[in-house]
2 protein chains.
Amino acid sequence: MNQVAILGVGQTPVREHWDISIRDLAVEAGRAAMMDAGITKVDSIYVGNMTSGRLSQQRQLGALVADFLGQWGVEAVKLEAACGSAASAMRQGLLAVASGEKEAVLVIGVEKLTESLGRQTTAALATAADADYELPHGVSFVGLNALVMQRYMYEYGYDRHDFAPFALNAHANGAKNPNALFRMAIDQKTYDQGRIVADPISLFDASPIGDGAAALLLVPAEKAPQAVRIAGSAAATDTLAIHDRAEPLWLKAAELSANAAYKQAGITPEDIDLFELHDAFSIMAALSLEACGFADRGAGVRLAQEGDILPSGRIPICTMGGLKARGHPVGATGLYQLAEATLQLRGDAGDAQIEGARIALTQNIGGSGATIVAHILECP
Amino acid sequence: MNQVAILGVGQTPVREHWDISIRDLAVEAGRAAMMDAGITKVDSIYVGNMTSGRLSQQRQLGALVADFLGQWGVEAVKLEAACGSAASAMRQGLLAVASGEKEAVLVIGVEKLTESLGRQTTAALATAADADYELPHGVSFVGLNALVMQRYMYEYGYDRHDFAPFALNAHANGAKNPNALFRMAIDQKTYDQGRIVADPISLFDASPIGDGAAALLLVPAEKAPQAVRIAGSAAATDTLAIHDRAEPLWLKAAELSANAAYKQAGITPEDIDLFELHDAFSIMAALSLEACGFADRGAGVRLAQEGDILPSGRIPICTMGGLKARGHPVGATGLYQLAEATLQLRGDAGDAQIEGARIALTQNIGGSGATIVAHILECP
């Protein structure tokens, strides 16, 4: 298969975009990526989105976006894997270029969550879980993650306050990203006083929803020798219901997808300069660091406590705010991560720049770890 | 790219499956395709579906189906392009094998529509249209097609009764298919007395919704020299809103996708032995025959009147009942078409067998022609 490069990056700020429709959000990010690449015509479009059918009464986003981007006639389709939708769209866009079938592919993640009634949004997001075996118990998505965090604290002897470094790092980094939803640093006291949402998860352990879109323009690497390349790409799945897993504290799909991506890229975790992980909840950040080979079991929180996840640390994470501070427009998040990693490797990350970064890992999660997609980006 | 073959076919009957969940429908069809292929382990799974997030409160069908098929860990994702979802999933499954990345890929289309309240289902299906510029006028999906049919009759001088041959052919063919929802032939008098749903569309011009799942198991053709091969595969888009088209009576995306598929296969319409087209409404069957090169503009209905679409005719269509009689489980339909075409080319179509069929065209449509996917299958 051909190697693929990222020639253009586009994104909208993550906000409550009450004045912008889902089509316009997608078009804004897509057009920005095309302009960044200096390309006016693409061969196909892959859109990642989770909830538009329910919250915007709009399906068939592929054709819709192709039309309003002026890309009449091109192949276009939507992919959905809950919060892992955007990186799933990236996987297929990548395959279209790598296979040689297409030469310029636009990949867009878009989500519009805040204009609907809160209970509508909560119900739409809950469809990421198992509708027959989890939801009937009345547990929310935060509740499921709270159960996992509770178990983690019990198994490994942590207190809920030990998770603070994840929130502090994300907020400090988000303050440097003009597209982030939350652009203010917080301190340990603020974290400690965070209102409990689902014990032990506080407001500062949970990422906020938001509206937004991010996009990449993919081309064969041989056509863009100076552009960031995709060195690894893999997806894996686990049971939808957490209670079906032999080890509820182990993200099996993260291990599988990261290891496959490492192998493709011919690298090990030691080679990674920054890791855009899926910190929908701080417990997920800890579990990701462990499953992807950056910490032993139960040591993900300790890694954060020791400062290794900071911009100056051994493995900087959430360098532009992560889900926690940039915001989590669910079906768009995976492409925000990829866009941010690309900007870092291009040296275009502004105040959030990680000096000398040459290899980045991104990881997008659907549900409670049921779909996990890993990508490794490299400087040319 | 590698050539791809269809090693296994599976389907459930199209019915009102009130006693079977969407996961079990998908698993039943997927397992049947794997058993047909004699394969117990696949490399990835692509699922086509339109409405599960809203009507079954279940998203992330890829991971769900992988789990319940016992395919733990494999990559799995859902594609959506309204009623064109299943053939869109086929496109990506095909690409995964053609690129050399995967060696055994399961593609499943599944939909469960009848268990919900009728108005919920109608609202879910309406999301295939443009939510901002079509739906606010209060027009339903049937209403949009009625407007197109009205215009067609006006332009080309037909009466609504002239469309009868499409319904008569579909019902006669569906009677021979044990998986069809409607298994009874109808006569001209029955057609003429059909209750008007949206003038000029009667009950017999509109396909019925239904629940069901169909699946294919794809492998590299070199691994299955005796299996039906995919000689062409292409998708194209048009504006979501019909009123944005310069020619509302021309399915531009059908023309683009069919021509691309013909070119890949190195054939012309004259070489096609049967055509599984997307007769969601009889007007769509007429427009498809014209856009895909089987009739001149305005002559699609005449082609049907002259008997050319019958099993014994020049270009048999809807050979196992089509959407009209087999039923239209929207996000599964594209794979029913592909499954039926495969059975025809294998000589396994039972009473519906088209003798000597060697090349088949399938065409799956999302919305009012906004997403159209064409596949050409060939005997080895």
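This is a predicted model: local features need pLDDT of at least 70, side-chain atom pairs count only at pLDDT 80 or more; totals for chains, interfaces and linings use all residues.
**Chatting through a two-chain model**

Q: What volume does the largest cavity have?
A: About 70 Å³.

Q: And which residues line the largest cavity?
A: Both chains show up there. From chain A you get A:Met50, A:Ser52, A:Gly53, A:Arg59 and A:Lys78, and from chain B there are B:Met50, B:Gly53, B:Arg59, B:Lys78 and B:Glu80. Helix H2 (52-55) of chain A and strand S3 (75-80) of chain B are the elements that give two or more residues to that lining.

Q: How does the lining of the largest cavity divide into nonpolar, polar and charged?
A: Two nonpolar, three polar and five charged residues.

Q: Switching topic: what rotation superposes chain B on chain A?
A: A rotation of 180°, with 0.0 Å of shift along its axis and an RMSD of 0.0 Å. The two copies are thus related as by a two-fold rotation axis. As for the contact, the same surface serves both copies, and 100% of the contact residues of chain B recur in chain A.

Q: OK, now strand S8 of chain A: why is it largely enclosed by the rest of the structure?
A: Because nine of the ten residues in that strand (residues 228-237) are buried.

Q: Which way do S8(A) and strand S11 of chain A run?
A: Antiparallel, with eight bridges joining S8(A) to S11 (residues 371-378). A:Ala236, for one, has A:Ile372 as its bridge partner in S11(A).

Q: And how many bridges join strand S1 of chain A to S8(A)?
A: Three, and S1 (residues 4-11) and S8(A) run antiparallel too. There, A:Val4 has A:Ile230 as its bridge partner in S8(A).

Notes. Residues are numbered from 1 along each chain as its sequence is written. Chains are lettered from A and ligands numbered from 1 in the order in which they are written. Side-chain values use heavy atoms; hydrogens and water are left out. Copies are superposed by least squares on the C-alpha atoms of residues with pLDDT of at least 70 in both. Contact means heavy atoms within 4.5 Å. On a 1 Å grid over the protein atoms alone, a cavity is a set of points where a 1.4 Å probe fits but cannot get out, and a pocket is an open set with protein on both sides within 12 Å along at least five of seven lines; lining residues have an atom within 4 Å of a point. Grid points are joined across faces, edges and corners, and a volume is the space filled by probe spheres set on the points. Helices (H or I, at least four residues) and strands (E, at least two) are DSSP runs, numbered from the N terminus. Ala, Val, Leu, Ile, Met, Phe, Trp, Tyr, Cys and Pro count as nonpolar, Asp, Glu, Lys and Arg as charged, and the others, Gly among them, as polar. Buried means under 20% relative accessible area, exposed over 50%, partly exposed in between (1.4 Å probe, protein chains only). Two strands pair if DSSP finds at least two bridges between them.
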